[in-house]
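Biologist: I would like to learn how to read a model of two chains, feature by feature. Could we take one topic at a time?

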Amino acid sequence: MIKFDNVSKRYGNGSVVVKSLNFETQEGELLVLIGPSGCGKTTTMKMINRLVPHSEGRITIGGKDVGSLDPVLLRRGIGYVIQQIGLFPHYTIEENIALIPRLNKWEERAVKERVRHLMDVVGLNPEAFAGRYPRELSGGQQQRVGVARALAANPDIILMDEPFGALDPLTREQLQDELLRIQSEMHKTVVFVTHDIDEALKLGDRIGVMRDGALLQLDTPDRLLTNPAHGFVEEFIGKKRIYQNPDYVPITDIMRDHPATTQPYRTAGMAVSFMRKHKTDTLIITDGGGGLLGIVSAYDLHSVGGDETLARIMKPVASVLADTATAKDALKMIGKTPLGVIPVVDGGGKVVGVVTRGSLLSFFANQWSEEDSIEK
Amino acid sequence: MRSEPLWAQIVQQLNMRWPDLLQALLQHVQLVIVSMLIAAAVGIPLGVLITRARSLEAPVLGVAGILQTIPSLALLGFMIPLFGIGIKTAIAALFLYSLLPIIRNTVTGINNVDAATLEAARGMGMTDSQILLKVQFPLALNVIMAGIRTATVINVGTATLAAFIGGGGLGDFIFIGISRNIDALVLIGAVPAALLALLFDRLLGILEKATAPAG
Ligand SMILES: Nc1ncnc2c1ncn2[C@@H]1O[C@H](COP(=O)(O)OP(=O)(O)OP(=O)(O)O)[C@@H](O)[C@H]1O
Ligand SMILES: [Mg+2]
């Protein structure tokens, strides 16, 4: 939809602030640009609606070179939302939202209808707010108007430059949720600039990480987290962040790799000494090929004779995790697991590790202490 | 006559000269309004222009500033070779005097419009003239009106000097009163001039409030 072909931006003082960007947004996707302050996010965005002219390369929208379009007409087809909101203070909310439709000479009835509809969409009661002036609204309400104004002429593309950056965390979250809801209904092509990684992960269909005017990686949140293509991406997104979010921690990072296993023909007596040796109170029972059969605990061994075979004592395993599972799956399961031990099996059903309450706890505890040492 | 109290003199002069006074008053108002209208007609566009062409700002404000520092009488004098004596010269001088506050306030008013508002306006596809007419000008209007108000009040006072170059107005009474040493005449010219200034101040004050942007 929006396509950057080797686009660079050089300012008069010679500094190149955007370097040979290549990317293409898909229709209806919410693409987030993220990166440290000054890396060129805003510049990149403003080159799309020609608020900043690009120096090299080609930017096309639906195949048309933006350079060949009349900037005013180009911008009329692109919604624009900025952090400072920038409502017209001398116009009512209704007049603010209606401005572009009126400039486009819509019929007055259609304008009125559109304004009411959009106010509903962004969660502002038209009866209460249409006649008010911007300064009579809170910051969050003002930005709702900002979003409604950007949607007014029903553009296919919306550019948003840190639209929620100045709002308090609670309001920000509300507006993020609303944006996701609106987007799920309207499917605009949105380019969204932020430097809040949580916001990016929450909103982005894809996220482009920028540094020093270059786009380092453009990928889905999942892939960015699990497969950072660049050390900086990993660092910026924060390895710790990956671990903070149990959704993204592979179970293989948490499980104990060499669990104490034994085979069902062994006796209870052997099992007890085996447990002592391995300092554990549970044993996974596998067949000769490592396939999971059951589990015994020290408690089970108490009440039986030393010659009893494990095949008769072992219990079936209620909770098993595949090695593709995440920490979140483990966390959800562990509470309901009687012995607090979850075997992890590979695709062939072979036991490759175990997750215990202890291993989960120490894993996250380590992340916390690591994070502390990074921040201090 | 000399021995009569001042108020009696005033009553007597008024009795004798009220048609002249009325005419002088009208002439005075005319001087002020005409010169102000021209000053607004020139000063506001000039102010707008220099917000668009920043390089013009320093020279234009500089020249207008210098004009204002020239003593009023001297400026009137400078105008005589250009327009001769009479009302035209007076209007020209008053016009030049009033330019600075109008230009300066126009520039201030327009430059004070929030940058974010302008960026939003441009970003959503308003043309330069739409931005000027629908955003900048309405938001700057009351600051511009304040400039006009200041200029007008000064103008009412300065216009009394028009009499020195045959421009008429209430200055005629003051001028004759001084030269003939008749206090009552001076007062008959000066007091209405002062009241006129107050009146303009009041009226334009109301207008200024009315032009404050809504919201
Ligand atoms: N008009 C200009 N002239 C010269 N340099 C500029 C100009 N505008 C921006 N820059 C520079 O371009 C670089 C990128 O700026 P940009 O505003 O795109 O950064 P950003 O990623 O949006 O940062 P932030 O997160 O702080 O908003 C910065 O180093 C900035 O100083
Ligand atoms: Mg920015």
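Predicted model: local features only at pLDDT ≥ 70, side-chain atom pairs only at ≥ 80, totals over all residues.

Biologist: Let us start with the interface. How many residues of chain A are in contact with chain B, and what area do the two chains bury between them?

Modeller: The size of an interface is often given as the accessible area lost when the parts come together. Here chain A and chain B bury about 1900 Å² between them, and 65% of that lies on carbon and sulfur atoms. A:R75, A:F88 and A:H90 supply 27% of the area that chain A buries against chain B, more than any other three residues. As for contacts, 23 residues of chain A meet 19 residues of chain B.

Biologist: Which polar and charged pairs cross the interface of chain A and chain B?

Modeller: Side chains of opposite charge can pair when their charged atoms come close. Between chain A and chain B the count is one salt bridge. A:K46 forms it with B:E119, and the closest N and O atoms are 3.4 Å apart. On the side of chain A that touches chain B, α2 (71–76), β6 (78–82) and α3 (93–103) each supply at least two residues. The residues of that side of chain A divide into 14 nonpolar, four polar and five charged.

Biologist: Take α3(A) next. Is it largely enclosed or exposed?

Modeller: The step here is to count buried residues, where buried means under 20% relative accessible area. Nine of the eleven residues of α3(A) are buried, so the helix is largely enclosed by the rest of the structure. Among them are A:I93, A:E94, A:N96 and A:L103.

Biologist: Which elements do the buried residues of α3(A) pack against?

Modeller: In chain A they pack against α2, α4 (108–121), α5 (126–129) and α6 (139–151), and in chain B against α6 (128–158). After α3(A) comes A:K105, which has a positive phi, near 60°.

Biologist: Now the salt bridges. How many are there over all chains?

Modeller: The count over all chains comes to 21 salt bridges. One of them joins A:R206 and A:E29, with the closest N and O atoms 2.7 Å apart. This pair links distant parts of the chain, 177 residues apart: A:R206 is in strand β9 (residues 206–211) of chain A, and A:E29 is in the loop between β2 (16–24) and β3 (30–34) of chain A.

Biologist: Are A:R206 and A:E29 buried or exposed?

Modeller: A:R206 counts as buried at 15% relative accessibility. A:E29 also counts as buried, at 5%.

Biologist: How far apart in the helix are A:E108 and A:K112?

Modeller: A:E108 and A:K112 are four residues apart in helix α4 of chain A, so about one helical turn separates them. Their salt bridge has its closest N and O atoms 3.4 Å apart. A:E108 is partly exposed, with a relative accessible area of 37%, and A:K112 is partly exposed at 43%. A network of salt bridges links A:E94, A:R102, A:E108 and A:K112.

Biologist: What does the pair A:R181 and A:E185 look like?

Modeller: A:R181 forms a salt bridge with A:E185, where the closest N and O atoms are 3.9 Å apart. Both lie in helix α7 (residues 169–186) of chain A, four residues apart, about one turn of the helix. A:R181 counts as partly exposed at 34% relative accessibility, whereas A:E185 is exposed at 52%.

Biologist: Where is A:T189 found, and what does it touch?

Modeller: A:T189 is found in strand β8 (residues 189–194) of chain A. At 1% relative accessibility, A:T189 counts as buried. A polar atom of the side chain of A:T189 lies 3.0 Å from the backbone nitrogen of A:G28. Leaving out residues up to four places away in sequence, A:T189 touches residues including A:M1, A:Q26, A:E29 and A:D156.

Biologist: What does the secondary structure of chain B come to?

Modeller: Chain B has eight helices and zero strands. Its C-alpha atoms fill a box of roughly 75 × 40 × 20 Å along the principal axes. Of the 215 residues of chain B, 47% count as buried. Chain B exposes about 10300 Å², with carbon and sulfur atoms supplying 70% of it.

Terms used:
Residues numbered from 1 in each chain as written. Chains lettered and ligands numbered in written order. Heavy atoms only, no water. Contact = heavy atoms within 4.5 Å. Buried area = accessible area lost by both parts, 1.4 Å probe. Salt bridge = Lys/Arg side-chain N within 4 Å of Asp/Glu carboxyl O. Nonpolar A, V, L, I, M, F, W, Y, C, P; charged D, E, K, R; others polar. Buried < 20%, exposed > 50% of the residue type's maximum accessible area, 1.4 Å probe, protein only. Polar contact = N/O pair within 3.5 Å; in protein donor to acceptor, adjacent residues only side chain to side chain. Areas by Shrake-Rupley, 256 points an atom, 1.4 Å probe, with all protein chains shown as cover.
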